[in-house]
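Biologist: I have not looked at this structure before. Please take me through the terms as they come up.

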Amino acid sequence: MDGTKTGKYIPPHKRAQLANASPSDPPVASKFEKFLQNRNDSASVKAESSWGRRDRRNGFLDSEDLQQAELLFQQEKHEGVDFESYEDMPVEISESSFSMTNFSDCEAHPTLLANVRKMGYENPTPVQKYAIPCLFARRDLMVCAQTGSGKTASYLFPMVAKMLNDGPPAPHGGRGSYPLGFVLAPTRELSIQIHEEALKFCYKTGIKVAVVYGGADPRTQSKELERGVDIIVATPGRLIDFINRGKVNLSLTKYLILDEADRMLDMGFEPQIRTILESTTNPGKETVMCSATFPQPAQDLAVQFMKNYIFLSIGKAGSTTVNIIQTLYKVEEPDKKLFLHEKLQNLQGLVLIFVEMKRTADNLEDYLIGRGHRCASIHGDKDQPQREKVLRDFKSGKTPILVATDVAARGLDIPNVTNVINFDTPNSIEDYVHRIGRTGRVGKEGLAISFISEKSKPIIKDLYSLLLETKQDLPDWFDEMYQKTVITNRRFDYRGRPYRNNWNRN
Ligand SMILES: Nc1ncnc2c1ncn2[C@@H]1O[C@H](COP(=O)(O)OP(=O)(O)OP(=O)(O)O)[C@@H](O)[C@H]1O
């Protein structure tokens, strides 16, 4: 062993450096001790599981991760959480033998259970009660459960628990990261949020989590990957980038999770997802796909990547929670801005306004600021630091009104969003469900307002069914609009009679 007078090991790449050290440099031993001292000051915490032992820092944990998790624990506020409304929801599960009542019912490491308590989770939510035991049984799972019902924990908790129970894998000898698990999400902001959740579940366990997404400096992300990461949260494009550059290798990956799976499998993302899933070669891999909406074409595609999977649906698939009051206003396009300005006078709390185009987001932001509102906007043309700042200011209430395109429609969990406004109606009912799901989360109440105009036609039929199903009040004018749309859409056979199929569908 090459070492110093004190017998301490010096890695080869440091030896030349030390040989050239100037006389004013402190002696090697004190330099090393200083390093240890600093490390002990900032991260004197050792991992509480066998995952720490293989750590290059002799089991000491990454101080930044610890500090971030501690900060996140402090921000946890679960007062007012009321899952009663979820309790009598119909549960559809393809195999009925899986359910649990408490987090401690399953074989979970004490550190993980302590983390769950620190997060303020007293009992599992309905989706967690069914999904967690399925995943402990090492089955593939397709989950469809309402927005804000706790799907993130339903896959993170069992993944971390199984990793802790199995212990770290044998050293692979390769360069870069060989993650045991990954979570893919469609937007950068959602990846950041899932990473923060994962940091809390992994607190003090020694399991290293990282997030990689587009728009951020790839060098910082790359350095982190080089040091070795156990769970990667990622947007698909950036992950593929790192796979191609040899920074990530998925040959050991066992836990494959697609959040917002229907979005990930639609035309925009499907080729990237295929590339990623096909580079996972571990025969023991387990796949989870989840979303609040899972239309049949997406399910048909999802099954291509799953084996012997369980299907779990809580509440009516693709529907919204009854905690959201949905209100419609008939407003013609030129009047929408003024109408919005007036509506905003009476709304409290955080208000999220959805528009269809980036340009509209900018225009509307300017208009509302001009009218004295504290407002910002978020969309795909803003650079990433700007996007993150805008979201931080919104969450903190500094700018309580946020105009957004669909980049903010899925997954974002922002407490106190009391109102969602569809300034422009979305193109599909799935987008509508995700958008309004930014309010009324974890059993809280929320209000969703939609401006309906001539341009809303493509969604009228599905919206009508959804509103009926969720027992919302339907204004007469909307009923008429629906009837008209149905009649216009009816097709006729050569004798001028409507097709039977259309009659049934309508
Ligand atoms: N068991 C629990 N007890 C209390 N709060 C919980 C529990 N599980 C999750 N939560 C909280 O519920 C909120 C919503 O959870 P989450 O974001 O996972 O919902 P989701 O189902 O993924 O929603 P979406 O479909 O919109 O992505 C989060 O703030 C989370 O911390």
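Modeller: A residue is called buried if 20 or more other C-beta atoms lie within 10 Å of its own. In this predicted model, that cut-off applies in α6 to Pro126, Val127, Gln128, Lys129, Tyr130, Ala131, Ile132, Cys134 and Leu135, which are buried.

Biologist: What makes helix α6 (residues 126-136) mostly covered?

Modeller: The count of buried residues does: nine of the eleven residues in α6 are buried. Just after α6, arginine 138 has a positive phi of about 60 degrees. Over the chain of 506 residues, buried residues make up 42%.

Biologist: Why is isoleucine 194 called buried?

Modeller: Isoleucine 194 has 25 C-beta neighbours inside 10 Å. The cut-off is 20 or more, so isoleucine 194 counts as buried. This residue sits in helix α8 (residues 188-201).

Biologist: Which residues does isoleucine 194 touch, leaving out those up to four places away in sequence?

Modeller: Isoleucine 194 touches Thr152, Val183, Ala185, Val233 and Asp259. Contact here requires C-beta atoms within 7 Å.

Biologist: What share of the chain's contacts between residues at least 6 apart in sequence join residues at least 24 apart?

Modeller: The share is 76%. The chain as a whole has 20 helices and 14 strands.

Biologist: How do you know that the span of helix α18 (residues 457-469) agrees with its number of residues?

Modeller: The expected span is 1.5 Å times one less than the number of residues. For the 13 residues of α18 this should give 18 Å, and the end C-alpha atoms are 19 Å apart, so the two agree. There is also a bend of about 30 degrees in α18, at leucine 463.

Biologist: Which residues of α18 are buried, and what covers them?

Modeller: Ile459, Leu463, Leu466 and Leu467 are the buried residues of α18. Their cover includes β9 (324-330) and α17 (429-436). Just after α18, lysine 471 takes a positive phi of about 55 degrees.

Biologist: Into which domains is the chain divided?

Modeller: There are domain 1 (2-42), domain 2 (50-170 + 177-314) and domain 3 (324-490). The centres of domain 2 and domain 3, taken over C-alpha atoms, are 29 Å apart. Between these two, 26 residues of domain 2 are in contact with 20 residues of domain 3.

Biologist: Which helix gives the largest share of the side of domain 2 that touches domain 3?

Modeller: That is α8, with four residues. By class, this side of domain 2 has nine nonpolar, eight polar and nine charged residues.

Biologist: Where do the residues of the shell around the ligand come from?

Modeller: Domain 2 (50-170 + 177-314) and domain 3 (324-490) each provide at least three residues of the shell. Helix α7 (residues 151-166) gives the most, with three residues.

Biologist: Which of the 20 residues around the ligand come nearest?

Modeller: Tyr121, Thr147, Gly150, Lys151 and Thr152 come nearest. Sorted by class, the shell has seven nonpolar, ten polar and three charged residues.

Terms used
Residues numbered from 1 in each chain as written. Predicted model: local features only at pLDDT ≥ 70, side-chain atom pairs only at ≥ 80, totals over all residues. Near = placed C-beta within 6 Å. Helix = DSSP H or I, 4+ residues; strand = E, 2+ residues; numbered from the N terminus. Nonpolar A, V, L, I, M, F, W, Y, C, P; charged D, E, K, R; others polar. Domains from an automatic or database assignment. Bend = angle between axes of the 7 residues up to and from the residue. Buried ≥ 20, exposed ≤ 12 C-beta atoms within 10 Å, placed from the backbone.
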